Amino acid sequence: MRPFLSREKEMKNTYFNLIDQTYYFPQEGFDLEDGSLFFNGVSLKYLIEEYGTPFKLTYLPRIGAQIKKAQNWFNKAIKANRYKGKYYYCYCTKCCHFQHVLTEALKHDVHIETSSSFDIDLILKLHQEGKINKTHLLIHNGYKTADYIRKILLLNELGFKNSITVLDSMAELDKYHSAKNPVKIGIRMATDLQPQSDYYTSRLGIRPSKILDFYKNKIADNPKVQLKMMHFFVDSGIKDNLYYWGEFQKAIKKFVELKKVCPEMKALNLGGGFPIRNNLGFEYDHKYIVNEIVQNIKEACDNEGVEEPDLFTEFGKYTVGESGAVIFEVLEHKKQNDTENWYIINNSLMNTIPDAWSILEKFILLPINHWDKEYQRVNIGGISCDHSDYYNSEELNQQVFLPKVDSKSKEPLYVGFFHTGAYQDSISGYGGIKHCLIPSPKHIVIDRDKTGNFVSKVFREQQEPEDMLRILGY
Ligand SMILES: Cc1ncc(COP(=O)(O)O)c(C=O)c1O
């Protein structure tokens, strides 16, 4: 009997076997030690024991690492292609506004993109704290309400000399009529959306066919403004496909046409949309894409005899996405029919990773423990009453597998959604009213000290009942 038993053991399909056979594992940011998961070298089991679940975490060093990688790719491509312009990395604040995130990003020679009036208050605060100075590049995107315009003009008056406001429409130009000093402006070119979209052309920006006349008739001789930048943002993000490169080529063509009539325009802004890993099999050659971008812009400029622009990006998700995670405990296993198993976790997915529910965004999902158990297909359910509070498909699989853990197991199963650092807090309304009054989980911020050891602290405790009741007027 013994040999048979050990063969049976060898053939067991553990969760570890599944991951090991399907992906390269361990991989950047994820490793297993003593059977439990480490995220960027931090033991999640330790954090669970220290803080309890559920919690969300921000691993700050990842932010700097992402920025440095992108700066390197651009600077190397610039050198390799003998490209004459410079590269400027801007962080798009809307992605994650937390003070610790901006403080970390600003340590790495980044500039800032803003989206609304309150963002300018954030800029002024960062300036007050000495984290930005008046030479930082500030790119103002988005719809300009009266309040946003007022604050952009205030920056201008205060002497922020590299503040560039990007026109989202032709009508916006007139809003700068009261400027005391000339306002540096950009023009956002509206891109066409992907074929399966609900409409054809993005509402953001100015139609390409209108841009040249708009410049000649309204901007060229206007003492209130100076055109410095052309901006475009392809909604799919920067993808190596026909659609992206098609929109990219249209934008470069428009840039060259505009540059010929406006030689003072020195900058081309490619927007955001640099992808991050949302599954363990993610393959994307960032370095190759950056080189293609730089090479194509250089070729187009050389062919038309115009000076190559400085290149700007506004990477949000890329900067901060991979720094975040949310960790849950599986409270209960439910079998609702012969094939459907539910793992009920101790918070709501709609509240903590709202993009998974609203735009069917995928995140890396991994168990923290029990990797030596067999795996099974499961649905993950939140504890709100909402039937759409679930997660049951991954980017590559269209299904979710997790270790099969007996409900009576001594150690519960813990699971984590990873690379959740972008947009989830602002979309879910961090610290506000939550669906079914399920509280915002505790938030842990992790950094490394000078010796390389990680240091974790509670940035915010789990919401208390009074927090919500107060907002509700009780
Ligand atoms: C103008 C602009 N720039 C940058 C971004 C950031 O995009 P991402 O977070 O995908 O990098 C966005 C996102 O909506 C945007 O609208």
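Analyst: Strand S4 (residues 55-59) pairs with strand S21 in the parallel sense, over five bridges. Strands here are DSSP runs of E with at least two residues, numbered from the N terminus, as are helices, which are runs of H or I with at least four residues; two strands pair if DSSP finds at least two bridges between them. This is a predicted model, in which local features need pLDDT of at least 70 and side-chain atom pairs count only at pLDDT 80 or more, while totals for chains, interfaces and linings use all residues. Residues are numbered from 1 along each chain as its sequence is written, and side-chain values use heavy atoms, with hydrogens and water left out.

Strand S22 (residues 454-460) runs antiparallel to S21, and six bridges join the two.

S21 and S22 form a hairpin, with five residues between them. In the turn, Gly452 has a positive phi of about 95°.

Strand S21 itself covers residues 442-448, and five of its seven residues are buried, so the strand is largely enclosed by the rest of the structure. Buried means under 20% relative accessible area, exposed means over 50%, and partly exposed lies in between, with a 1.4 Å probe and protein chains only.
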